[in-house]
Structure formats: C-alpha cells, structure tokens
Amino acid sequence: SLTQSRHSRHLGACAAALARFGDIGDSGDLALAAEQLRVARRELGRITGHVGAEDVLDIIFRDFCVGK
C-alpha cells in the first residue's frame, strides 16, 4: 500500500543516515555526526507524525512567497 511504501522509504532514509553516522566514527566531525542523527530522527518523525518547527518552516518557504 501507499503507506507501507512511504514508511519503507522513510525507514530506508533513516537507516542510511545512521550508517553515515556510524561511518564518521570517533575521529570524525561532531557536527556532521549530530546532523546525521538529526536526519535519522526527522525520518522517524515523518512515520510517527511528529512535526517539528523545522518541518513547518520547510513547508512555509517551499509553498509560500516569503519576503516578496
């Protein structure tokens, strides 16, 4: 179904972000590691329905003419 496909896509993106996080390792950049965890959390939030401020801002700037 559409929902299962969407969930699968978001879980795949979450897993990819976690893999990138793991690739950074102990010697890597802490900011890059934190970004990958943020991406993974956002993808899980899209499955569970959690909407954060960043998601709202993305929609506003994508769908509305802000600043024109």
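**Close-up views of a predicted model**

**View 1. Histidine 10 in helix α1.** Helix α1 spans residues 2-24 and includes histidine 10. Histidine 10 has a relative accessibility of 10% and therefore counts as buried, a class that requires a value under 20%. Leaving aside residues up to four places away in sequence, histidine 10 is in contact with Glu43, Arg46 and Ile47.

**View 2. Glutamine 36 in helix α2.** Glutamine 36 is part of helix α2, which covers residues 30-48. Glutamine 36 counts as buried because its relative accessibility is 14%, with the limit for this class set at under 20%. When residues up to four places away in sequence are not counted, the contacts of glutamine 36 are Ala17, Arg20, Phe21 and Ile24.

**View 3. The pair glutamine 36 and phenylalanine 21.** Along the chain, glutamine 36 and phenylalanine 21 are 15 residues apart. Their C-alpha atoms are separated by 5.5 Å in the model. Phe21 is also among the residues that glutamine 36 touches.

Technical notes. Residues numbered from 1 in each chain as written. Predicted model: local features only at pLDDT ≥ 70, side-chain atom pairs only at ≥ 80, totals over all residues. Heavy atoms only, no water. Helix = DSSP H or I, 4+ residues; strand = E, 2+ residues; numbered from the N terminus. Buried < 20%, exposed > 50% of the residue type's maximum accessible area, 1.4 Å probe, protein only. Contact = heavy atoms within 4.5 Å.
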